[in-house]
Amino acid sequence: MTKGTVQNKDKFLNKIAKRLGRERRNSGVKLPEWAKLPQYEVFKDFSQDELMEQFINHCKNIHTSVKVTKKESLKETFHEAISDLGGKSIVYWNDDRFRYYGLTDALYEARAHHNIDVHCWNPQLGEENVKVAEKANIGITFADISLAESGTVVLFSNADKGRSVSLLPRTYLAIIPKSTLVPRMTQATEKIHKMASDLGRMPSCINFISGPSNSADIELRLVVGVHGPVQAIYIVIEDE
Amino acid sequence: MGIKTSNEKFFDRVEKGINDSFMRKAVVEAQGRLEGRKTQTTEELGNWEDWRDLAEEIRQHTLENLDYYLEQFVENVSNQGGHVFFAETAEEANEYITSVVKDKKAKNIIKSKSMVTEEIGMNGALEEIGCNVVESDLGEWILQLDDHDPPSHIVVPALHKNKEQIRDTFKVKRQYDKSSDPTELALFAREQLRKDFLAAEVGITGCNFAVAESGSITLVTNEGNARMSTTLPKTQITVMGMERIVPTWKELDILVSMLCRSAVGQKLTSYITGLTAAKEEGDVDGPEEFHVVIIDNGRSKILGTKFQSTLQCIRCAACINVCPVYRHVGGHSYGSIYPGPIGAVLTPLLEGYDDYKELPYASTLCAACTEACPVKIPLHELLIEHRKDIVEEAGKTSFAEKLAMKGYAFAMSNPGVYRIGSKAAPSVIGPIAKGGEGKGPGPVKLWTQIRDLPEPTGESFRKWFEGRDKKGDKS
Ligand code: SF4
């Protein structure tokens with residue numbers, strides 16, 4: 001990777017140091033021990049079941065319906081969700097979890113029996129993926145981490161997991177293995193913090209998604225569905 | 001646009017504001033709803049004060065070590081192939097941004113909401129070189145279509161407009177022929193802006209928080225427009241105030257949580273997006289090139305002074321949503337893109353007192369802003385500090401102006417005298433009227449028109465705020 005350019009750094013930072021009345025600090029700054037850590041109190045010691053209950057409860061506030069299912073009936077629930085979202089056309093991540101949970105087969109069936117266009121994100125096809133996603137009715141991804149407090153799915157993008165899949169289609173479907181549930185953003189950012197210190201290179205895009213897009217810019221009246229998806233459904237797999 | 005939103009005199013703006021009954025009704029309703037939602041989400045935590053203490057501590061530590069964290073941030077951005085430009089002034093920033101755009105031979109620019117790009121007047125600079133710049137935040141887009149009407153609130157920029165006015169704007173500017181139903185209006189914006197997202201060669205965003213440890217920038221949004229602006233165009237330019245930084249993702253957690261709760265009463269907004277440099281090799285979507293422009297534009301002047309805590313601000317607008325003066329005069333009265341208590345403190349710091357010396361007096365010092373602030377900026381105390389400095393500076397100005405300032409300050413800062421001030425107006429405002437302010441009502445009289453300020457008897461703000469409906473202040 002070629003290093004990017006940095007302009008005017010020293011002049012700018014020297015001025016800041018001078019204003020702060022000291023020499024430039026290039027090293028030796030340690031984070032203090034914060035006096036209070038209220039973030040760990042939220043859903044402290046909750047079991048996965050309790051977290052799931054909180055998650056489902058909060059989804060009512062964010063206009064997102066949740067379907068809870070066991071692994072063995074996932075396929076049916078999946079078909080049901082697709083039909084709730086209006087079928088037609090689907091784009092989904094090239095993610096092993098689709099195969100592992102039998103959803104690739106479910107998607108073949110949808111194509112064969114219900115005449116639904118199905119497109120798996122394929123980096124080889126380049127821009128074509130974005131065009132398909134833009135026209136698609138449903139975008140489907142797995143959740144990498146899920147947050148009970150806010151009804152959030154966290155997605156890490158990469159070549160096979162395009163950003164567009166959860167953004168451009170008219171509706172969005174997220175598949176959530178219960179084991180991905182943590183109390184709140186705190187536990188997710190801790191993982192990301194570890195990635196940053198261990199990996200060096202972060203996923204170029206990390207999304208915390210909580211329900212469909214919305215706006216209250218007109219008279220503070222809530223409108224669900226603006227630029228991102230206008231409708232969202234979550235499927236929680238409760239025995240995974 | 002720049003920070004300044006009006007060339008009218010302060011009192012003329014205020015007069016316009018308090019006579020605009022639609023705007024006032026909108027503001028009263030908006031404040032009520034936003035404040036209600038905030039209270040609900042903060043109270044259910046049960047330990048909101050602990051959260052505020054932590055948030056304050058994080059912001060203070062970061063500002064004390066700002067050079068260190070900025071250096072770490074840009075190191076990480078550039079190591080991952082991103083480009084960084086430090087701009088001391090608005091002109092330097094605009095020069096860099098326009099040069100990147102020219103270099104890309106770009107004509108179509110899509111923007112997601114960013115106060116700092118407003119502050120530096122970036123749109124104008126890009127339009128001058130022939131670019132078509134489109135605001136994609138719904139509120140900002142409405143204002144842009146309406147011949148660049150200035151924003152009146154930092155989170156809900158078109159707060160002063162009703163849905164009928166918005167429908168009419170769409171009709172005149174975009175041949176819209178449907179109803180004034182907000183859902184229909186928003187759907188229309190979705191259709192119209194899709195084309196702009198797809199056509200844009202460059203996406204420009206602000207930055208809620210930059211994360212030093214990974215060189216990431218984060219965007220906190222609901223509409224999805226910031227994601228569109230950073231997914232489709234080939235080049236991304238992010239513009240950030242230099243203070244908008246956190247050490248690690250762990251502190252990001254706290255500040256994002258505080259922002260979402262304080263701004264809109266949500267636990268998290270629909271989208272919190274963390275972006276690190278350009279897309280990776282092999283990635284299909286996302287920008288091929290990433291630039292971040294870090295702006296001073298007067299901020300460093302605030303560091304190391306008694307006003308330093310102003311830079312802790314996370315732009316949540318909670319102080320605006322509880323301010324009784326904002327409630328009565330509306331956002332445009334402040335004459336700045338930053339209205340309300342934070343605007344009254346920040347604007348004179350960035351722009352000087354010449355045009356904004358009245359702002360620190362646009363407060364009843366009821367301290368509701370300070371109580372509401374999630375990062376514990378002592379806003380009302382800073383307003384008093386401003387007043388002290390202004391009076392000192394006024395020593396150099398004409399006698400009449402000094403008196404005007406005093407009479408006005410007197411009435412505003414001293415509730416015990418407020419009523420007397422308005423009753424005994426002639427003796428207080430006499431010299432002002434004679435002293436050449438000339439036109440319009442004198443300041444004290446004007447403020448007495450703002451009915452229903454907190455009682456001068458020292459009734460607490462809370463009590464007043466809660467009791468306001470009973471007093472028929474709904475209208
Ligand atoms: S001063 Fe405090 S309350 Fe006001 S916008 Fe800034 S952070 Fe929010």
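View 1. Strand β1 (residues 83–87) of chain B runs parallel to β10(B) and is joined to it by five bridges. Here two strands pair if DSSP finds at least two bridges between them; strands are DSSP runs (E, at least two residues) and helices are DSSP runs (H or I, at least four), numbered from the N terminus. B:Phe85 has B:Val293 as its bridge partner in β10(B). Strand β7 (residues 235–241) of chain B is also parallel to β10(B), through seven bridges, and B:Thr235 is bridged to B:Glu289. Six of the seven residues of β10(B) (residues 289–295) are buried, so the strand is largely enclosed by the rest of the structure. Buried means under 20% relative accessible area, exposed over 50%, partly exposed in between (1.4 Å probe, protein chains only).

The model is predicted: local features need pLDDT of at least 70 and side-chain atom pairs pLDDT 80 or more, while totals for chains, interfaces and linings use all residues. Residues are numbered from 1 along each chain as its sequence is written, chains are lettered from A and ligands numbered from 1 in the order in which they are written, and side-chain values use heavy atoms, without hydrogens and water.

**View 2. The eight-strand sheet with strands from chains A and B.** The sheet is open, with mixed pairing and the order β9(A)-β6(A)-β7(A)-β10(A)-β9(B)-β6(B)-β5(B)-β8(B). β9 (181–182) of chain A and β8 (245–246) of chain B are at the edges with a single partner strand each, so one side of each has no neighbour in the sheet. Strands β5 (residues 209–211) and β6 (residues 216–221) of chain B are antiparallel over three bridges; B:Val211 is bridged to B:Ser216.

**View 3. The largest nonpolar core around A:Phe78.** A nonpolar core is a set of buried Ala, Val, Leu, Ile, Met, Phe, Trp, Tyr and Cys residues joined through side-chain atoms within 4.5 Å. The largest has 193 residues, and those with the most contacts inside it include A:Phe78, A:Ile140 and B:Phe73. Helix α12 (residues 249–264) of chain B gives the most to this core, with 10 residues. Contact means heavy atoms within 4.5 Å; not counting residues up to four places away in sequence, A:Phe78 touches several residues, among them A:Leu103, A:Leu107 and A:Ile235.

**View 4. Helix α5 of chain B.** The 14 residues of α5(B) (residues 90–103) should span 20 Å at 1.5 Å a residue, which agrees with its end C-alpha atoms being 20 Å apart. Its buried residues include B:Ala90, B:Tyr96 and B:Val101. Just after the helix, B:Lys105 has a positive phi of about 50°.

Key. Expected span 1.5 Å × (residues − 1).
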